[in-house]
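Me: I would like to learn how to read a structure feature by feature. Please give the general idea each time, and then the case at hand.

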Amino acid sequence: MTSPTTSSTTSAGPNLGPADASRRAALRRMRLVATSLLVLAAIVFVLTHGKDGVWGYVNAAAEAAMVGAVADWFAVTAIFRHPLGLPIPHTALIPKKKDQLGASLEDFVTENFLTADIVQERLAQAQIPLRLGRWVSDPVNAEVVVREASPALARAVASVQDDEVRTLLESFFLPRLAQEPVSEVAGHLLEGVLEERAHQGLVDLGIRQVHDWARDNKEAIASIIGARAPWWSPRWLDETVIDRLYLELLTWLADVRDTQQHPARLALDDFLATLAHDLQHDASTQERAEALKTRFLLHPGVADGMVSVWGSVQHTIVEALGDETGPLRRRLTVLLAEAGQRLVTDDELRGAVDRRLHDAVGYIVTTYGREISTLISQTVARWDGDEAARRIELQVGRDLQFIRINGTVVGGLAGLFIYATSQML
């Protein structure tokens, strides 16, 4: 059996961290104070026992103080263990009721903390986008974020294997893309390109390249034309005709290159406009376009090519992220600082981020709040009764010792009042 002084003194268990050690020391100090008051009351009671006059009042107060101290010691101790080791009913409440306590605490947290309204209200008060924007808009802070995040991002990119990329492409991305109808979208996109004349630069480049190739490859063109000449025509005649055709071809290509309203250019525009219209409205054209798209996407060489491209991109990104003074990190720092500044100055953008964050947090709490709070009951359920009592006592035991102190003081005052009243009567 244990005494009031030592009944609450149990092992703190293994792996006592600095915070728990500090709590344990504070608990011991307060327990010593409370027990010292009980001992003091007992000494005073013994020394004043049987004396009259003023000492009678002191003796009565000491006696009542002892009763209050012992009663409150019993109450506090009974929460965590059996007082004096005796299996008294309704004691050692936490070891016996830890699972119910964990479930009750889980319900309390879920109903009073993990609700969408409460979390969203606190989130709105915190003004996270504004505060984050102010902090990251400082180039020094933006540089810190990029510096700390770049190595982790580089490791994440480097960890992606080619086989994983191939599996993702062949099992999900390319088949999924092949199932998506793109004819109408492509036709609408081509229509917009033609309206904005954005294709002219590509047409100019193509015609210029064709003209330059024809200019530098007369022999190849001559051999193509010569292969079509009759067998009976004289060689000199063939060469004359070939030279004339070659000259006319170069002249025509130069004319197409230099004349924006050339009939060939207009014919190409008409062809592309018709194609854009048919891709959006003609079923047969759409069917042929979808078949061509599917055949292209599901060809084995497409996945191989994309994996090769990914390998080059991966190497470039990892190398750029590893260069502390490289252009990628500098650019990321600038972009991050600019994004932070926009969050501070652009009320519409900040409001949009707030709404997205508000909705996301509300959804998470509503959908997974109960699952999150079950961590409480599941963790408590894994503890044995004594461990649960030790852990909880470390958190609240110091404050509970004030109950013992108050019981000693209030008991003494109550005893003094009762004794004084009895003497007056």
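Me: What share of the 425 residues in the chain is buried?

Reply: A residue is called buried under 20% relative accessible area, exposed over 50% and partly exposed in between, with a 1.4 Å probe and protein chains only. In this chain, buried residues make up 29% of the 425 residues. This is a predicted model, where local features need pLDDT of at least 70 and side-chain atom pairs count only at pLDDT 80 or more, while totals for chains, interfaces and linings use all residues. Residues are numbered from 1 along each chain as its sequence is written, and side-chain values use heavy atoms, with hydrogens and water left out.

Me: How many helices and strands are there in the chain?

Reply: Both are DSSP runs numbered from the N terminus: helices are H or I with at least four residues, strands are E with at least two. The chain has 17 helices and zero strands.

Me: What radius of gyration does the chain have, and what would a compact globule of 425 residues have?

Reply: The radius is taken over C-alpha atoms, and the globule rule is 2.2 Å times the number of residues to the power 0.38. That rule puts a compact globule of 425 residues near 22 Å, but the chain has 43 Å. The C-alpha trace spans about 155 × 45 × 45 Å along its principal axes.

Me: Among contacts between residues at least 6 apart in sequence, what percentage joins residues at least 24 apart?

Reply: A contact means heavy atoms within 4.5 Å. Of the contacts in the chain between residues at least 6 apart in sequence, 75% join residues at least 24 apart.

Me: How many positive and negative side chains does the chain have?

Reply: Lys and Arg count as positive, Asp and Glu as negative; His and the chain ends are not counted. Each charge is placed at NZ of Lys, CZ of Arg, CG of Asp or CD of Glu. The chain has 42 positive and 54 negative side chains, with the centres of the two sets 10 Å apart.

Me: How many aromatic pairs does the structure hold?

Reply: Rings of Phe, Tyr and Trp (its six-membered ring) pair if their centres lie within 6.5 Å; planes under 30 degrees apart count as stacked, over 60 as edge-to-face and the rest as tilted. The structure holds two such pairs. In one, the ring centres of Tyr57 and Tyr419 are 4.9 Å apart and the planes stand at 85°, so the pair is edge-to-face. This pair links distant parts of the chain, with Tyr57 in helix H2 (residues 54-80) and Tyr419 in helix H17 (residues 385-424), 362 residues apart. Tyr57 is partly exposed at 31% relative accessibility, and Tyr419 is partly exposed at 24%. Tyr363 and Tyr368 also form an edge-to-face pair, at 6.4 Å centre to centre and 85° between the planes.

Me: Which residues does Thr333 touch, not counting residues up to four places away in sequence?

Reply: With that exclusion, Thr333 touches Pro139, Ala142, Glu143 and Val146. Thr333 lies in helix H15 (residues 327-345) and is buried, with a relative accessible area of 14%. Another threonine, Thr285, lies in helix H13 (residues 283-297) and counts as buried at 10% relative accessibility.

Me: Where is Leu84 found?

Reply: Leu84 is in the loop between H2 and helix H3 (93-112). Its phi is positive, about 60°, although Leu84 is not a glycine. Leu84 counts as partly exposed at 26% relative accessibility. Gln127 has a positive phi of about 50° and is not a glycine; Gln127 sits in the loop between helix H4 (116-126) and helix H5 (128-136). At 43% relative accessibility, Gln127 counts as partly exposed.
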